[in-house]
Amino acid sequence: MGFWLRFNLLVFTIAILSTPVLSDLILSKVDRRIDLTSQIVRITSTLKVENAGSGLVSEVLLAFPELQAKKFGILMATTNEEKAKRKVLELVSLLKLPIQKECPALTVYSVSLSKALGEGDTMSLDVLAVFTHTLKPFPEKITQADIQLVLFQDSAYYLSPYAVKFQSLSIKLPDARIESYTKIENTKIHGSEIKYGPYENLHPFSYSPLVVHFEINQPFAVAQELVREIEVSHWGNVQVTEHYNIVHEGAKSEVNFLGQLEYQARPHIRGSSAIRHFVAKLPPRAHSIYYRDEIGNVSTSHLWADSKKTELLIEPRYPMFGGWRTAFIIGYSLPLQDFLFELEGKRFLNISFSSPINDLVIDNLVVKVVLPEGSRDLSVSTPFPVKQRQESKISHLDVVGRPVIVLEKADVVPEHNQYFQIHYSFNKLSMLREPFLISGFFFLFVACIVYVHVDLSISKSSASYLAKLQWDEVRATIQQVESIINQCLATHEKIEASLRDLSRIGDVQACKTTRKTADGLLKEHSKELKPLLAFLQSSPAAANICLSLNSIAEKMVKLYMRHPNIMVEELVAKERELQERWMAKHSIIVDCYEKKLGREIENRVAPQQQKVVALRQEVEDLLEYIDEI
Amino acid sequence: MADPENAKEATTLRYAFGNVLSFHSSLDRSSRFLDPSFLCLLIDFQVIKYESVIHEFDPYFNYRVTQFLTKNGIYDFWNWFDDRTWYPLGRVIGGTVYPGLTLTAGTIWWILNSLNIPLSVETVCVFTAPIFSAFASWATYLLTKEVKGAGAGLTAAALLAMVPSYISRSVAGSYDNEAVAIFALIFTFYLYIKTLNTGSLFYATLNALAYFYMVCSWGGYTFIINLIPMHVLLCIVTGRYSSRLYIAYAPLVVLGTLLAALVPVVGFNAVMTSEHFASFLVFIIIHVVAFVYYIKGILSPKMFKVAVTLVVSVGLVVCCAVMAILIALVASSPTKGWSGRSLSLLDPTYASKYIPIIASVSEHQPPTWPSYFMDINVLAFLVPAGIIACFLPLSDASSFVVLYIVTSVYFSGVMVRLMLVLAPAACVMSGIALSESFSVFTRSIKFQLHGLSGSSQVDSGDASSSTVVAQNDAGKAEKTEDTAKERPSKKSKKKEKGIVDKPSLKAKIERRLLVLPFEASIFAILLLVLLGAFYVVHCVWAAAEAYSAPSIVLTSYSHDGGLHVFDDFREAYAWLSHNTEVDDKVASWWDYGYQTTAMANRTVIVDNNTWNNTHIATVGTAMSSPEKAAWEIFNSLDVKYVLVVFGGLVGYPSDDINKFLWMVRIGGGVFPHIKEPDYLRDGQYRIDSQATPTMLNCLMYKLSYYRFVETDGRGFDRVRQTEIGKKNFKLTHFEEVFTTHHWMVRIYKLKPPRNRIRGKTKKPRSKKAQQLEQKEVQLLRGIRGIRPMKLENAKCTVMLILHLPRLWLHFEQELNSEFARMNNRCLLILR
């Protein structure tokens, strides 16, 4: 309402200020169709251009109000002179055109014709203009239960620097309520289509404001930023990762949230302008698809795949009402052979530019193409102008980094979803870099293991040789110990013999003397034993064996190996005990004989005798055992 | 694994089963490969069933800290003052957090990234716990090997790799201090035992470093610094003092305390709090004992006796004086120098009496018997056998393990959380028990097989035990020897193997062994294998079903077997992060604080680091107050959104209504006007029509059940299994802004304060004015684009414009220009 007025005023001034004599062209027929069925406004105009003056004309001017021109998604002019070939003409934005000085609210584009128009010639020109952010929700805030109403403004007459002879306009609306529309002469309404015109013979810059207020329940999904990363791997994979940052730019949801209740119960009646899901049409044979956001996987998605297409339906974490935002990431892998081709020794990647999601307006699109490490001579060809730059990215197992081509474009509409090409050359041998790196590392690892576990030394100072020497020493000592013990045993036998003599003859004196000599001998032996035992205990070889065994943990081996040391100790201990027993027995017997207690001898000796026998047995066992070693 | 050939060869020797294991451990490295392979299996449950996501509450905080560390570097990390939490107080993160885990993950991330492996911080965080659980089972192997040999070590490591109690903390995504700390704990114990066995200063230093790592990682380090002194004291008392003991203990205390004081969160606590006093006391005692032993060596026995009487009489006096001073110092502090958590360990009833915050955490409750069975399963039955095995014979190392299990059993009985400390001990014990019993059974089977052909002379009983003792003494003696020469002998040993391995020898040794009947041993082995199999089955089940659920994502099975995912928490956090202002403050119960800051990136009032009881009590009070009072509290805290968790629609039991009594208790602890009995009807907590009016009018009730009756028409709460008491009510100070799909999280916004003019409009108005107002309302209704919701606002506006034209400017700000212009037009018409 308010701004209609303003707009009227503005256009009025334009009409007054502008002078009709700009060039000799006239538009003999203008046919305009405005498609308002989605948030993206598409205006298709067919112009019949006639050169009424003299002289060649090689450019046609198209004028748009500046407000509209700011929201251009795409502006494209085609001729269909030759019916088979539609030719896209070059569009140049002319900022300093003379008429602009007079009316700064207009932006004028010029179409340079491939073939200049001669006097009296006509040609037809198709102009497609796609606008984003043009439909204004009104009222701006609604509750979830309300329908979403939007306003659309334009001119009922074709705004042009040329005179227009004959023109008509049709506006296609979604099948829903029309709240109001501007009624001027020749206005007709057929269902969801409003027709204006025909109007004839209008001056240049004729303007008649037109406002349509209608219901639209299409969600207004706008990606404020979309970063697409396309990573090419020559091992057969193209990985696409898309980071979306989406806002619902429809009528804002009032703070008063009516709850999930209404929405869940009657989702189609209530909150019909909410975004429930997006449908992404991925290329066929896409695989390894994921859908997540910065806090993890989002589990609400469905996938249908057949040979022609892969359709991914993704639901945001929450239904998006007007003004709400969300951010998410989708990623998928594509087979390489569908997108990478070879041409004259160079390779080129042919892949779509924009998002696979339908009906999405992208305010700022960044496409990053990551080529394999070692790619050279990069060049980009796009069907429309984009900003481009190069950077490099270091990823898995990279040494110098991969070349990245960054393409940036603002205000992207689905029409931009065209294929673009990147040409580059790449040496196949570079592909082997990474496998080499991995296998090299693996071999290094194996080599380390082998080195640690193999004893390659043959010198006499080698550890194993020294160990063997020590072991030999230990064995020699053990043998010495054995011989000493054997001598001890022999002494014991002597004592026994003397005892036997005693019982037979009763010669106490002789027995005592043998005992004395035996004592002497035993003392000597034990003296000899001492250094040997000390050596055994301190000998690193004996100890080492046990320790190493311990760490290697082969228990039974440990037991065997440990024995030299333990057994010897045990042996010596047993032998000592035996000695004592002998001595005890001896003294008992001798005592008894001295006291003439014939009967008691056997009683008192019996236990000693038993123990002696047992000990003797054990000592012999041990000796035998040590022999084995 | 072992091929059958090897196994057969091994059985020809003495330890059939133990040998298969020990054969493999002969390559130290093999155990490292073996155990992680167990664990890999367990990591996958979580990632396969759910996704690579961080679990629960605390891990989200750790994740956020790690993110900060990787982004801003270590110096900023130490100085980090976090203003996104505990609003308006903030929190000094660098000085109040145990940095071990964060630094570990940060280092891993840094190394990977500098090697050009661009893993995200999240991935590194998710997989830190499984990696460290692999290390932990390796450390268990080492510890048990030091105590009872490699066979037991490997069995213990295998058990630990699967024990459910530890799995609950080491699944992928459980990015919590305990994940790293358990490894540090076991490794510190291993190094202590190693030092004790070798007497090497090298290991003693390593031990201090491991202790430092433990201090960095977890508050549970006090367990180490109390357990080791206890063991030292035990050794001294039982007359096992040796220089090795001194070397194992003294450097640990000195170096360990110095290093511990370097960690900001510990700082001077390392010398000031009572938790550490035991170590210093034992430090003094061990020096006295060492001195006594030294003097004993110098003096003759007679002189020594005189000296002892002299020193003891003087020493007693000094000791009494020092003790008196110490006790006086400790008693002067209110908590007797113990922190609340430690006190609740010593006195299990302490927390429930004095600190509701500690008591309100389910992890801090005493466990039930089934939870023992759930968490350590058959190990509970094997532990006693292990203890017995440790007494045959009792060495320094095995006495330590016994002490460890006894204390940890006590602690786990106090707090469920400390079941985690029990788990490794139980594994060590069970490993020992299993390997010993296997060795006994296989040995007797072996003997019987040979016995059929050979001698039938059985020399049982004391003979065998005597060899064992002898063997063990020798073993100790050997360990005291220099270990540096371990390597060469390893090689020499292999060569000598052939010499030793003679069949005639076996008969000799076997004769000395304890032998059981053939059938009995076979049967017993079968039973043991069955037991082990049962354990494995249970562990796999527990890992898959009970412990890998990340609690942030819930799942349920529908009747037709389909999986239904409840992702409401993340839905709510995502909504908060995208649809509120960056500086908005969100109030919720403290459980959700960490998640809100980490996932929604919004400032919270309280979080899981419950350092300020008053602040939590304020939130608790707000939640248990009526709407207006609550609004005032929240408004004073600058809160814009209130988040409540409600499980009544889908039957999610751990929601805020079930936690509500704790809020009342904690709130009432600080603000006495909140009284628990007001919320209880005859001592019963209920929310149905029998509930008290205080309960039905409190904010938590209202926020939880707002419009709940509209779901099924009668408001049936599926958690409480009852119809709610108050069904239809309106909120006056809050408005609902978001409710998740399953109603599990509901977010409310505080309404802006009432317009001050409102009071004036309440004055009796003239009839004319009222008529005018009605006219305006009708007019406004006629204007398209204005929804009924706006009407009240518009009405008010028009009134104001009529009565107070000077406020025009004010309204221009408040209303959008379109609207104002329309009003203007209305006014013109009216006039």
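1. Which residue lies over the face of A:Tyr181? A:Lys183 does, at 5.2 Å from the ring centre. In chain B, the charged end of B:Lys296 sits over the ring of B:Tyr293, 5.8 Å from its centre. The criterion for a charge over a ring is NZ of Lys or CZ of Arg within 6 Å of the ring centre and within 35 degrees of the ring normal.

2. On the basis of the model: it is predicted, local features need pLDDT of at least 70, side-chain atom pairs count only at pLDDT 80 or more, and totals for chains, interfaces and linings use all residues. Residues are numbered from 1 along each chain as its sequence is written, chains are lettered from A and ligands numbered from 1 in the order in which they are written, and side-chain values use heavy atoms, with hydrogens and water left out.

3. The unreviewed UniProt entry lists residues 436–454 of chain A as "transmembrane region". UniProt positions follow the numbering used here, feature names are shortened, and annotations may be inferred rather than shown by experiment. In the model, residues 436–454 of chain A are 95% helix and 0% strand. The end C-alpha atoms of that stretch are 26 Å apart. Helices (H or I, at least four residues) and strands (E, at least two) are DSSP runs, numbered from the N terminus.

4. Over all chains, the structure holds 53 aromatic pairs. One of them joins A:Tyr291 and A:Phe328, edge-to-face, with 5.4 Å centre to centre and 90° between the planes. This pair links distant parts of chain A: A:Tyr291 is in strand β21 (residues 287–293) and A:Phe328 in strand β25 (residues 325–335), 37 residues apart. Rings of Phe, Tyr and Trp (its six-membered ring) pair if their centres lie within 6.5 Å; planes under 30 degrees apart count as stacked, over 60 as edge-to-face and the rest as tilted. Both A:Tyr291 and A:Phe328 are buried. Buried means under 20% relative accessible area, exposed over 50%, partly exposed in between (1.4 Å probe, protein chains only).

5. Next, helix packing in chain B. The axes of α22 (residues 379–390) and α23 (residues 396–414) of chain B come within 9 Å and cross at roughly 150°. That makes α22(B) roughly antiparallel to α23(B). The crossing of α22(B) and α23(B) is left-handed. For α8 (residues 121–148) and α9 (residues 150–162) of chain B, the axes come within 7 Å and cross at roughly 150°. So α8(B) and α9(B) are roughly antiparallel to each other, and their crossing is right-handed.

6. The helix terms are as follows. Axes are lines fitted to C-alpha atoms, for helices over the stretch in contact, with angles from 0 to 180 degrees between N-to-C directions. Angles under 35 degrees count as roughly parallel, over 145 as roughly antiparallel, 65 to 115 as roughly perpendicular and the rest as oblique. A crossing is left-handed if the near helix is turned anticlockwise from the far one by less than a right angle, and right-handed if clockwise.

7. Check the backbone too. The peptide bond from A:Phe138 to A:Pro139 is cis, with omega near 5°. A:Pro139 is in the loop between β9 (136–137) and β10 (141–142) of chain A. B:Gln721 has a positive phi of about 55° although it is not a glycine.
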